[in-house]
Amino acid sequence: STFRHSMLNIFLALFALIGLQDIIIAIAGWHHIPPTIYALPIIAVHSIIMFSYCLTRKDRRIAIILAVGLTLRLALLFVDFFHLAEIPNSGADSESFHRNAIRIYYGVQRGSISHYVETIAIFYNLTYASRLLAQYVNVVFGMGMLIMIYKSLKLLQVKEKTIFVAITVVALLPNAIIFSGILLREVWVGFFVAVSVFFFIKWFTEGKAINVLICLAALLTASYMHAGILGLALGYIAAFLFYSPATGKVTFSTSSVISMIVIVGIWLVIADSFQMFTVKFNNYDFEDDQEFIRRANASTGNSGYLEWINADSAAQGLLFAPLKMFYFLFSPLPTEWRRVSDVVGFAIDGFWYLWMCWVLWKYRPGKHLQLKRFLITGLLCSTFIFGYGTFNAGTAFRHRAKLLSVIVIPFALSFNNKNSFQTQKVKQIF
């Protein structure tokens with residue numbers, strides 16, 4: 001199709017516009033361009049390119065929902081940037097990211113422990129320190145995640161009606177819109193996770209080693225911003241070892257099981273040596289049982305959950321894993337509602353994750369059952385990691401948004417088949 005490399009073209013167009021504007025500024029001899037004035041022409045032209053991409057989809061309903069998703073993200077970007085209203089999740093962290101990036105830009109500080117800050121600082125060097133443009137890049141990543149999910153479902157030949165439901169959930173989910181418009185790294189991670197899932201599906205359906213490479217490279221790029229996402233690699237690696245795209249079958253042999261153990265070991269060693277991908281784990285002592293117990297018992301923030309947990313040993317701490325994972329995915333749950341904002345948080349976020357996970361647990365897909373199994377394996381591994389690193393609903397909102405594509409795609413595979421007779425009796429996760 002004409003849009004085979006659509007996302008690449010959308011990003012190239014953005015950088016071409018930045019380059020073009022820099023050339024015009026250099027020729028005109030302007031020296032002091034206000035960062036906001038610098039950003040507006042680029043955003044105007046580039047958002048027209050994005051709208052034209054959205055509106056040229058064959059299915060009118062999908063074209064409209066993509067355009068609505070883009071409009072909402074752009075609106076939120078301007079509301080946040082010009083402080084027209086208070087946006088949940090925007091504030092302390094986003095201001096600190098911007099402040100540190102500006103300090104690096106002016107040479108006041110060298111580097112930062114946050115890779116996101118360093119990335120914004122590099123971007124500021126290209127764009128006269130335009131925060132508005134840096135936030136617009138997040139809008140592009142947010143739309144990119146939507147487009148990669150759309151392309152993944154097209155690749156799997158899911159019914160148009162199901163694609164519409166899945167895309168509508170992601171396009172209109174309030175936190176997905178918020179993270180696409182404010183200066184946080186969530187949507188960067190979410191986009192590269194969606195890219196890795198797309199190439200994983202491409203490998204699953206047609207083989208080819210290049211798909212394996214791009215899938216793992218995209219996952220590493222996502223983990224550069226947050227290491228918790230590396231859990232997805234276990235689902236991918238299991239598939240690369242045990243599944244054959246040529247035959248469509250899963251086979252276990254002694255050699256593939258040993259390979260799995262060796263590869264996971266190598267993956268951990270590489271991740272440990274290149275600490276840039278696992279910066280989040282660097283202050284975690286894996287040898288220390290007490291550290292794990294502290295993590296299992298911890299709770300922070302005024303939307304904290306499971307505060308009654310009091311594990312005395314690492315084994316007890318592990319027993320709470322299913323509960324920690326459940327609360328991570330769906331909080332703020334009714335057991336923890338303390339104020340109106342908790343109820344609203346569940347209604348606009350937790351409830352939709354709960355509904356999607358209920359559908360993927362209840363209905364067995366007619367096609368791509370193995371794919372669903374491997375994606376859910378990766379999802380559970382990442383949820384396990386995030387479950388122990390997350391202690392309140394506010395942080396859970398942010399971390400689970402990174403995993404949205406890994407939930408939406410298995411959900412769509414199950415939803416696709418939910419009306420067929422054979423699935424009515426199947427009430428199991430696989």
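**What the labels rest on**

Analyst: Let's begin with the overall picture: of the contacts in the protein that link residues at least 6 apart in sequence, 74% join residues at least 24 apart, where contact means heavy atoms within 4.5 Å. This is a predicted model, in which local features need pLDDT of at least 70 and side-chain atom pairs count only at pLDDT 80 or more, while totals for chains, interfaces and linings use all residues. Residues are numbered from 1 along each chain as its sequence is written, and side-chain values use heavy atoms, with hydrogens and water left out.

User: Why is Leu84 called exposed?

Analyst: Exposed means over 50% relative accessible area, buried means under 20%, and partly exposed is in between (1.4 Å probe, protein chains only). Leu84 comes out at 61%, so it counts as exposed. Leu84 sits in the loop between helix H3 (60-81) and helix H4 (92-105); helices are DSSP runs of H or I with at least four residues, and strands are runs of E with at least two, numbered from the N terminus. Apart from neighbours within four places in sequence, Leu84 touches Phe78 and Val79.

User: What puts the buried residues of H10 on the same side?

Analyst: The buried residues of H10 are Asn211, Val212, Cys215, Leu216, Ala218, Leu219, Ala222, Ser223 and Met225. They span an arc of only 165° around the axis, so they lie on the same side of H10; that arc is taken from the directions from the helix axis to the C-beta atoms. The face turned away from the buried side carries the exposed residues Ala209 and Leu213.

User: What makes a set of residues a nonpolar core?

Analyst: The set must be buried Ala, Val, Leu, Ile, Met, Phe, Trp, Tyr and Cys residues joined through side-chain atoms within 4.5 Å. The largest such core here has 131 residues, and Ile229 is among those with the most contacts inside it. Helix H6 (residues 131-155) gives the most to this core, 16 residues. Ile229 touches residues including Val189, Leu219 and Phe386.

User: Which residues line the largest cavity?

Analyst: Met145, Asn175, Ala176, Phe179, Glu186, Val187 and Ala401 line it. A cavity is a set of points on a 1 Å grid over the protein atoms alone where a 1.4 Å probe fits but cannot get out, and lining residues have an atom within 4 Å of a point. Helix H8 (174-181) supplies the largest share of that lining, with 3 residues.

Terms used:
1 Å grid on protein atoms, 1.4 Å probe; cavity = no way out; pocket = protein on both sides within 12 Å on 5 of 7 lines; lining within 4 Å.
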